[in-house]
Structures are given as structure tokens and as C-alpha cells.
Amino acid sequence: SQKLTRIISADGAFRHHFERFEPREQQIEMLEAVANAFSQGHHMMIEAGTGTGKSFAYLIPAFHWAIQNGERVVISTNTINLQDQLINKDIPELSDILETELRATVQKGRSNYLCPLRFTNMQTRQASSAEEMRVLGKVLVWLHENGNGDRGDLNINGPMEGEVWGRISAENEGCRPNTCPFRKKNQCPFYSIRAQAVHSHVIIVNHALLLADAIYARGVLPDYRYL
């Protein structure tokens with residue numbers, strides 16, 4: 001853990017990256033605790049206040065453990081905002097600081113992803129409502145502008161548009177991935193994210209998906225031993 005704590009110490013990599021960097025004793029203490037929990041196989045519960053620098057305190061040992069041991073580490077958050085901060089800011093920044101490729105994926109539940117087969121089927125018939133027409137138009141424009149199939153990047157307003165989205169999302173009991181032409185051509189957003197997660201050091205999920213994985217006996221997330 002000393003090698004890792006040096007990264008956020010007075011003479012470490014963070015000091016050379018951030019112009020006004022000041023080491024924080026609580027952040028160093030938390031990083032050491034997380035690193036020791038990984039290496040000793042302990043459960044660890046930590047309560048840390050605002051300003052501690054929690055994200056880097058667990059990201060640094062999590063990535064180090066995953067890379068060194070060929071393991072996969074799952075990080076579960078309560079909010080989408082924290083997921084966005086981790087994947088769009090903290091992890092890319094940490095990758096630059098360490099000059100190391102850090103592979104991370106945000107994985108969500110099936111209802112968050114577009115099913116291209118259901119969408120295509122809806123397109124082939126006449127729209128049954130203004131909301132359906134509006135959602136179809138939004139999705140077409142979104143895909144034309146390189147949308148990735150994640151609902152979080154699409155503006156769906158109100159319960160009626162949400163109901164239409166539900167009919168074209170990957171939350172589909174009739175899904176047959178082995179025969180789906182879009183899955184075979186790697187054009188299914190849900191299975192593309194799953195494949196990406198398998199090759200990631202860190203998978204970021206929310207608590208609901210984590211519990212769903214536990215309920216369905218690890219049938220939702222790729223296999224993991226560290227959380």
C-alpha cells in the first residue's frame with residue numbers, strides 16, 4: 001500500500017499533475033485501508049465526509065488490484081451523477097496521471113438500452129400515437145448523430161413517452177440473443193456493453209443492478225469477487 005499512497009502524497013504523481021495539490025491525511029488513510037482490505041481479503045466499511053477525496057482513495061487500489069491480479073472489481077453507486085463523475089472525469093484523469101490504460105464500463109439494467117430489433121419492428125408499422133411518433137423521431141435523430149443506445153443520452157419526457165420507450169427497450173422477455181440478427185452483427189447496445197464490461201478492470205453499477213445480480217445468482221453482471 002505504500003507504493004499506492006505515494007501517488008497521492010506530497011512528492012507523488014498527483015503533486016506533479018495538479019498545480020495546487022495538497023496531500024490529505026484522511027485520503028491517504030482511506031486509500032491504505034482499502035488497499036489492505038483487498039490484499040488481506042477483509043470486508044471494510046468506511047464513512048468519510050465531504051472533501052476527503054473518496055473517489056481516488058478507492059479507485060487507485062481498485063484498479064491496481066484488478067490489473068495486478070487479473071481480477072474484475074465492481075463499484076456500486078447510489079446516484080447517476082457519481083457514475084458520470086467516475087467514468088467521465090475521475091477515471092480518465094487517473095489514467096492520464098498514472099500513464100496507464102484503465103478500462104472501465106458503466107453497466108445498467110436492460111431497460112436503459114435500445115433494442116434495435118424492437119425499434120425496427122415499430123418503424124415498420126404506422127405510429128399509433130403522437131408520443132410514439134415523437135419517440136421514434138427522437139431515436140432516429142439520436143442514432144444518426146451516433147447515439148450509443150443508452151437512454152441516459154436521450155431526452156424522453158413524461159410517462160407516455162416513457163411507456164413508448166419501454167416497448168423498444170432491451171427489457172424484453174422475448175429476447176433471443178442467439179438468433180437476433182443485430183446481436184450477431186454486434187449492433188445490440190445491451191450486449192455490446194456486456195462484452196465491454198467483461199474486458200474491463202472496473203465495472204460501475206448502481207445498487208439496484210447489484211442487488212438484481214445477487215437475486216438472479218450472478219446472472220446479470222460478469223463474474224466478480226471484489227466489490
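Trainee: Why does Glu99 count as exposed?
Mentor: Remember that this is a predicted model, so the value is computed from predicted coordinates. Glu99 has a relative accessibility of 72%, and exposed means over 50%, so Glu99 is exposed. Glu99 sits in the loop between α5 (80-98) and β2.

Trainee: Which loop holds Asn186, and what is its phi?
Mentor: Asn186 belongs to the loop between α9 (181-184) and α10 (189-198). Asn186 also has a positive phi, of about 60°, without being a glycine.

Trainee: Now the strands, please. What makes β1 and β3 a pair?
Mentor: Pairing needs at least two bridges. β1 and β3 (residues 202-206) have 5 bridges in the parallel sense, so they count as paired. Among the partners, Ser76 is bridged to Val205 in β3, and Thr77 stands opposite Asn206 of β3.

Trainee: Why are β1 and β2 called edge strands?
Mentor: The open sheet has 3 strands in the order β1-β3-β2, with parallel pairing. β1 (73-77) and β2 (104-106) each pair on one side only. Neighbouring strands of the sheet are turned by 20° against each other on average, direction ignored.

Trainee: What covers this sheet, and how many residues of β1 are buried?
Mentor: Helix α11 (residues 207-215) lies across β1 and β3, at about 100° to β3. In β1, 4 of the 5 residues are buried; buried means under 20% relative accessible area.

Trainee: How is the packing of α7 and α8 described?
Mentor: Two packed helices are described by the angle between their axes and the distance between the axes. For α7 (residues 130-144) and α8 (residues 158-166), the angle is about 65° and the axes are 9 Å apart. The crossing of α7 past α8 is right-handed.

Trainee: Which kinds of residue make up the contact of α7 with α8?
Mentor: There are 6 nonpolar, 5 charged and no polar residues. Including Trp142 of α7 and Trp165 of α8, the contact also has Glu131 and Lys138 of α7 among its members.

Conventions. Residues numbered from 1 in each chain as written. Predicted model: local features only at pLDDT ≥ 70, side-chain atom pairs only at ≥ 80, totals over all residues. Heavy atoms only, no water. Helix = DSSP H or I, 4+ residues; strand = E, 2+ residues; numbered from the N terminus. Axes fitted to C-alpha atoms, helices over the stretch in contact; angles between N-to-C directions. Contact = heavy atoms within 4.5 Å. Left-handed = near helix turned anticlockwise from the far one by under 90°. Nonpolar A, V, L, I, M, F, W, Y, C, P; charged D, E, K, R; others polar. Buried < 20%, exposed > 50% of the residue type's maximum accessible area, 1.4 Å probe, protein only.
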